[in-house]
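Q: Please explain how the features of a helix and of a ligand site may be read.

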Amino acid sequence: MAALSFPVHAGEVEVLHYWTSGGEAASLKVLQKMMSEEGHSWTDFAVAGGGGETAMTVLKSRVISGNPPSSSMIAGPEIQNWGELDVLANMDEVAKAGKWNALLPENIADIHKYEGHYVAVPVNVHRINWMWINKAILDEVNGGKVPTDWDGFFAFMDNATKAGYIGFSHGGQDWQDATVFEQIALGTGGTQWYQKAFIELDQDALKSDEMTQAFERFKKLKSYMDSGMPGRDWNLATAQIIEGKAAVQIMGDWAKGEFTAAGKVPGEDYVCAAVPGTTDSFTFNVDAFMMFNNQSKDNIDAQKTLAKLLLSKDFQEEFNLRKGSIPVRPDVSLERFDSCAKLSMSDFKAASINKTLMPSFSHAMAMQPEVSGAVYDAVTNFFNNNEQTAEQATEKLASAIASAL
Ligand code: GAL
């Protein structure tokens, strides 16, 4: 039952986000409904474009022009850049009342603080090293066997293609290219190598044979994609799995939100499984919301209510059920969550203990934007350039990162 207490004065929040797919919109609706039940009004400022690159560009232009939204989506180290600009509302009062320090894993809490003060509210944990497999195709062409290594993966691709299906469903956009490449790289080099290459940006690791092999696998994967791939939005690639046109998509578990919105059931309609070579690791990103300084007391009240709701147990359950992610609060019961979410949570806890929990560079958790932008460019240029060899791509990626630092 939502809170029926109405504030002394109703305020308004304008929220900048990029959650425009079916599953994303369904999850955001939970928040809009809860804000309305608290008596505040919501102005939606949606900036379409998966991965949020466009949204972040629009946010910067709004803030520079002195017209920030009340709140905006954000993720990862970029929060520190916003903190430095001294434009963010301090949320310590709400954090103290909600006992966020006791609630949140320390490493996640710290990402959302600037100089020790909360300036952003985390809402979930997305796992990115997932394959989303159409179950009927898997049963028909692969005897129901989920590939656990790369030879088995490409054999599955061959079987699906021979049977007339699209083997691999993809959207040719830079962030999607980077997302898929990240998981192939993790599954090729392993977590210790990933840590050195993409977190420490160690040039020897970046120029290694593992990176070249990852690029070779990435290019091989392209041969299993369909002609409609260039520019396709991620959720339309997910739709090809849902509709039984394609066998596999590699994507973060926001893709699960599309299966959920379509009424599909894991284990029956589709299978979620770790990308080959990544079963014991977990690439993650955490979506969050920043609140911008505001002059109106009523609107500040509305921002405080928004922050409180985002980490409330009720929202954490209802939102993540629809978003495909797991709650960022470990104390939320997963009883109503499906088998993929339960696997994600148990793998998240194991990866935290085993130090195989890897921040995603393709989703803003591991690098500053100018560095991840250089990675996006190097990966996408290789993907689109049929002349460039995997060795050349390895060299170009390492030098692109070195010059972006
Ligand atoms: C990610 C974001 C997800 C989802 C996805 C596709 O960066 O964390 O919540 O929006 O992009 O747009």
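Q: Which residues of H8 are buried?
A: A residue counts as buried under 20% relative accessible area and as exposed over 50%, with partly exposed in between (1.4 Å probe, protein chains only). In H8 the buried residues are Trp150, Phe153, Phe154, Phe156, Met157 and Ala160. They lie on the same side of H8, because they cover an arc of only 150 degrees around the axis, the arc being that of the directions from the helix axis to the C-beta atoms. The model is predicted: local features need pLDDT of at least 70 and side-chain atom pairs count only at pLDDT 80 or more, while totals for chains, interfaces and linings use all residues. Residues are numbered from 1 along each chain as its sequence is written, and side-chain values use heavy atoms, with hydrogens and water left out.

Q: What span should helix H8 have?
A: Helices (H or I, at least four residues) and strands (E, at least two) are DSSP runs, numbered from the N terminus. The expected span is 1.5 Å times one less than the number of residues. Helix H8 has 13 residues (150-162) and should therefore span 18 Å, which agrees with the 18 Å between its end C-alpha atoms.

Q: What covers the buried residues of H8?
A: Contact means heavy atoms within 4.5 Å. The cover includes strands E8 (130-134), E9 (166-168) and E10 (246-250), together with helices H7 (135-142), H9 (174-199) and H11 (209-222). Phe153, found in helix H8, counts as buried because its relative accessibility is 0%. Not counting residues up to four places away in sequence, Phe153 touches Met131, Pro147, Phe168, Leu221, Val248 and Pro276.

Q: Which residues come nearest to the ligand?
A: A residue is near a molecule or strand if one of its heavy atoms lies within 4 Å of it. Of the 13 residues around the ligand, the nearest are Glu24, Asn285, Asp287, Lys323 and His363.

Q: How much of the ligand's accessible area does the protein cover?
A: A polar side-chain atom of Lys323 lies 2.7 Å from an oxygen atom of the ligand. The protein covers 98% of the 310 Å² of accessible area that the ligand has on its own; accessible areas come from the Shrake-Rupley method with a 1.4 Å probe, and for residues only the protein chains shown count as cover.

Terms used
A polar contact is a pair of N or O atoms within 3.5 Å; within protein, one must be able to donate a hydrogen and the other to accept it, and residues adjacent in sequence count only if both atoms are side-chain atoms.
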